[in-house]
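Reader: I have a model open and want to go through one part of it. Can you take me through it?
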Amino acid sequence: MADDTKLGSLPVLSNQGGIKHFEHGVHLLQLWANICILETDEGVVLFDTGFEFNGPRIMQEVGAITDQPIRYMVYGHGHADHAFGSGWLLDDLQKRGAPRPTIIAHENLPLRFDRYQEMLAYHEHINRIQFAIPDNLPAFARRYTYPDLTYREAMSFKLGKVTFELRHAQGETDDCTWLWIPEAKTACVSDLWVWSCPNIGNPFKVQRYETEWAKALEEIAGREPELLLPGHGPAISGRNEIKDACLTVARALRFLHQEVVSRLNQGQWQEEILNNFAWPEEFAQSPWLAPIYGHPYFIVQGILRRYHGWYDGNPSHLFPAPSSAIAAEVLGLAGDQEKVLSRARALKEQGHTQLALHLVDFLIQARDQPDRSALELKVQLLEDLAGREKSLIARNILLGGVRQIKKQLEPKK
Ligand SMILES: [Zn+2]
């Protein structure tokens with residue numbers, strides 16, 4: 001167990017790992033996302049296939065391990081960093097006259113691919129912000145290789161002497177598959193484990209599933225794996241360590257679910273819940289729940305969205321006026337912009353950065369051409385928050401805001 005001084009340096013999303021070899025023909029290729037290379041005496045099973053551009057590296061690593069053909073590719077879920085290396089791999093195998101592997105996924109995965117293609121421009125836009133992808137690079141997958149075979153709850157197959165048990169779960173997505181290899185006591189779990197507080201309530205993305213995620217982790221722990229291969233970051237070894245990891249995160253998810261549900265039952269509205277939900281020290285300090293990608297606040301948002309409509313309890317907000325009109329009224333009352341700016345600066349000095357941001361927003365939203373000093377102060381405030389923020393997603397959103405304002409501040413050509 002790591003202590004909390006290590007929280008900031010946990011290996012989430014590490015692309016430094018490279019290839020790791022384990023017993024029973026199990027190999028983990030640790031790139032941005034992980035690819036499990038599972039060797040049998042009758043061929044190879046790939047669990048997850050990375051980004052499209054990971055294809056050549058995957059092929060190189062498989063070739064270094066064995067001459068056996070790739071017989072199956074299993075998508076752990078349909079995200080861009082897990083299910084898109086397959087296209088390149090199929091092309092390469094075809095060029096070399098090798099047999100075509102069978103691609104297996106949960107039955108919801110093709111629906112995800114359909115949605116991604118229908119909303120490609122939107123996914124480009126939100127992923128560019130979430131991952132801070134420069135404007136000149138594509139921010140989302142273009143080529144979709146659909147599974148040949150889908151299943152609903154569970155399926156198993158045998159290759160050589162090895163059994164592959166696929167189990168459906170919902171967690172970060174509604175199309176998760178985790179794989180159990182009984183002979184190796186190994187679980188390949190894709191993003192059901194990412195070395196971070198689970199990414200539920202992602203500010204950009206569709207609904208995710210807290211209690212189902214907990215159930216999946218409990219089921220994984222119930223198999224008593226000796227080796228757990230996650231979707232990102234290094235493997236976890238040892239029965240007790242894996243059990244503690246899975247069950248701690250499951251408990252935290254069930255805790256937040258209960259926290260939101262019981263507060264809703266008490267008649268609390270979103271703002272009250274978001275400002276007051278409990279996050280016990282046990283979880284706040286747990287290395288398994290470091291808020292370095294997902295965040296407990298986001299999880300509460302996600303659970304709220306799942307069980308609650310968008311109405312916030314204040315009838316003034318049912319059909320609200322545009323924020324620009326509200327800001328213009330407030331600024332009119334304040335009388336002069338300097339007064340608001342100096343109060344915002346004072347709040348910043350006192351460490352109330354978030355409150356200062358709200359004040360500066362009145363100045364920015366009230367005008368078509370906001371004053372430079374207000375924009376510059378907002379940049380400083382966002383940079384302040386980003387500097388203290390552990391969550392990659394939150395930090396990228398804050399710094400995305402900085403980049404946007406800086407563009408606005410550039411002299412027009
Ligand atoms: Zn992932």
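Author: One term to start with: two residues are in contact if their C-beta atoms, placed from the backbone, lie within 7 Å. Also, this is a predicted model.

Reader: What is the average pLDDT of the protein?
Author: The average is 94, and 96% of the residues score at least 70. Residues 1-14 stay under 50, and the model has 27 contacts beyond four places in sequence for them.

Reader: On to α5. Which residues are buried there?
Author: Glu210, Trp213, Ala214, Ala216, Leu217, Ile220 and Ala221. They cover an arc of only 160 degrees around the axis, which puts them on the same side of α5.

Reader: Why would that spacing work?
Author: An α-helix has 3.6 residues a turn, so residues three or four places apart point the same way.

Reader: And what covers the buried residues of α5?
Author: The cover includes strands β9 (162-169), β10 (176-181) and β11 (186-190), along with helices α6 (239-265) and α9 (296-307).

Reader: What unit does α5 make with β11 and β12?
Author: A right-handed β-α-β unit. β11 and β12 run parallel and are joined by four bridges, with alanine 187 opposite leucine 228 in β12.

Reader: How does β13 pair with β12?
Author: In the antiparallel sense, over two bridges. Leucine 227 stands opposite serine 237 in β13. Their hairpin has five residues between the strands, and glycine 233 takes a positive phi near 80 degrees.

Technical notes: Residues are numbered from 1 along each chain as its sequence is written. This is a predicted model: local features need pLDDT of at least 70, side-chain atom pairs count only at pLDDT 80 or more; totals for chains, interfaces and linings use all residues. A residue is buried if 20 or more other C-beta atoms lie within 10 Å of its own, exposed if 12 or fewer, and partly exposed in between; C-beta atoms are placed from the backbone. The arc is that of the directions from the helix axis to the C-beta atoms. pLDDT is the predictor's confidence in each residue, from 0 to 100. Two strands pair if DSSP finds at least two bridges between them. A crossover is right-handed if, with the strands pointing away from the viewer, the path from the first strand over the helix to the second runs clockwise.
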